[in-house]
Amino acid sequence: MNLLSVEGVSKSYGERIVFEPISFGISKGQKIAFIAKNGSGKTTLLKIIAQQDTSDTGEVNFRKGTHISYLAQDPKLNPNLTVEDTILGSDNKTLKVIAVYEKALLNPEDSEGYQNAFEAMDQHEAWDFETQYKQMLSKLKLGDLKMKVSNLSGGQRKRLALCTSLLEKPDLLILDEPTNHLDMEMIEWLEAYFIKEKMTLLMVTHDRYFLERVCNEIIELDEGELFTYKGSYSYYLEKRAVRISHEETMAHKTKRHFVKELEWMRRQPKARTTKSKSRIDDFKFIKEKTKQRRNDHEVQLEINMERLGSKMIEMHKVSKAFKDNVILDQFDYNFQRNDRIGIIGKNGTGKSTFLNLLTDAIKPDSGKIIRGETLKFGYYTQNGIKVKERQKVIEVIQEFGEFIPLKKGKKISAQQLLERFLFDRKKQYDFVEKLSGGERKRLYLCTILIQNPNFLILDEPTNDLDIVTLNVLESFLLDFPGCLLVVSHDRYFMDKIVDHLFVLKGQGIIEDFPGNYSDYRAYEGETHSTKLIEEKKTKKDWKLKESTKTSMSYEDQQSFNKLEKNIRKIELKKLSLQNRFVTETMSAEEIKELSITLKELENTLEEKTNQWLEYSIEMEG
């Protein structure tokens, strides 16, 4: 059943064309992701469909009675209402059913009216509506129902708006970056909710795991043209690569044909026959085709980096608390060159506080934080770039100099650097306030990296960045030779970039886990969280006890600790491969390859375990 049709919709702002006329439809049960580069008008299109904005041409036609709910990136809520009043004051049809039922109770003589109201309560499952919204608010960490909206953070407001939209149970739910401001536990809950519920969705999101698991169709706006892929995100990637390869082949053939026709045009006689006139017209068409090139330039990251000394940051028995909320409790860690650390934890466990302690933005209550002399931070915060009134894009970069140093003594102009970050010459002279959210984040990323940091801190770097930019950023970070610390709710990004985690569990408990996010989830599934806390405490006590009697050198102690981490990683990898035999359907060849890999892993594990035993015997001696 078709719910709506987008027919020839376009949008411009003055001379800037956001998107040319596009058309597509949405049917009941579809879960569609809309993908396009930053600045292509994704949010604008969602607003037009949700009737929050108007198009220049075309129209959006709805099936009669279709109810739409729209979750904006920055939802507008009444600041004077409480959390609960916001839910109860929404345009929710269940609330209207309840109101009719309550009115019917006041008129018992109208038996027919009461019967209809009673049946409507059953039909809309309205009897337990209060329980539903309280449970959902609890899942989204909004348990204080009496708190005013004006006192909520931006993230809490987004979650309250999400709760309101979900409770409406609309025919079509439109979502603009729904996973922003959600911690990983909430994202996984929302993911499971959408998979279970028979809802129709249209969303813009950068979360690739979310895309893969929730969406069954991808619509891509690429070079002004729409392409539809009936499948998951991985299916889209596969088919898109085939399409682009085909386009490149056709472009090459067209170019060869153009060269041949150009030669004919240059040597043809002045006399025009009907046949030659037709060929000349064809030549003009071919000439135009050869001018059409893919605007597939990628962000190029080739930034210099300050020399890295032997000492990075040492944290010695660092403690920090805000009244009863303990963030760090006697925390010790020495950051090493090439550390790739991810920080995860529920909202409110102190992730941003941890980063502010490292960068000396706030002081610890006790303990020491020692920073190396050559340390240079690059700190990408959630606040983003500070927009100055009437400041142009190029002026932002020129504040750091007309020329920027690159690797191997090279340098580049501010204009050239911006082109590498996908800002063409025309866009460079736009005012910053005119940029889309994703373009501002890309510009902000540019300003962080051109300062040549050797200790890079990224606080939610994936929010609002398009998938093309994310892929390039990931490639750059994999080769980044300095220390990297990432706070992100993007599970795909974390899996690709980090190799161990600080898991903030609250009340000062921080687990140093050797592995990425998927490794941690697999391990967490095998072991109850309370056991992990006890294991960490026991391990800490054991280390303190053993360190008093060991005769090992500092270097050997470091090697021993590193060996423990490696063994843990191998065990997790082994567990992950074993789970694949159970959860995946594989061909005989795939089973054979996986078995060989598993055998090699078991041999490596045995070798590392023997080394660990040797070190243990030496320590006891």
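Visitor: Why is L477 called buried?

Guide: In this predicted model, L477 has a relative accessible area of 0%. Buried means under 20%, so L477 is buried. L477 sits in helix α16, residues 467–479.

Visitor: Which residues does L477 touch, leaving aside those up to four places away in sequence?

Guide: They are R340, L456, L458, L484, F493 and I497. A contact requires heavy atoms within 4.5 Å. As for K496, 19 residues along the chain from L477, the two C-alpha atoms are separated by 9.6 Å.

Visitor: What makes E474 and K496 a salt bridge?

Guide: Their closest N and O atoms are 3.2 Å apart. The cut-off is a Lys or Arg side-chain nitrogen within 4 Å of a carboxyl oxygen of Asp or Glu, so E474 and K496 form a salt bridge. E474 lies in helix α16 and K496 in helix α17 (residues 491–497), so the pair ties together parts that are 22 residues apart in sequence.

Visitor: Are E474 and K496 buried or exposed, or partly exposed?

Guide: E474 has 0% relative accessibility and counts as buried.

Visitor: Why is K363 called exposed, and what is D360 called?

Guide: K363 has a relative accessible area of 51%. Exposed means over 50%, so K363 is exposed. D360, at 37%, counts as partly exposed. The two form a salt bridge, with the closest N and O atoms 2.8 Å apart.

Visitor: Which are the edge strands in the open sheet of 6 strands, and what makes them edges?

Guide: The order is β5-β6-β7-β3-β8-β9, with mixed pairing. The edge strands are β5 (68–71) and β9 (225–229), since each pairs on one side only.

Visitor: How do you know that β6 and β7 pair?

Guide: Strand β6 (residues 172–176) and strand β7 (residues 201–204) share 4 bridges in the parallel sense. At least two bridges are needed, so β6 and β7 pair. L173 stands opposite L201 in β7.

Note on methods: Residues are numbered from 1 along each chain as its sequence is written. This is a predicted model: local features need pLDDT of at least 70, side-chain atom pairs count only at pLDDT 80 or more; totals for chains, interfaces and linings use all residues. Side-chain values use heavy atoms; hydrogens and water are left out. Helices (H or I, at least four residues) and strands (E, at least two) are DSSP runs, numbered from the N terminus. Buried means under 20% relative accessible area, exposed over 50%, partly exposed in between (1.4 Å probe, protein chains only).
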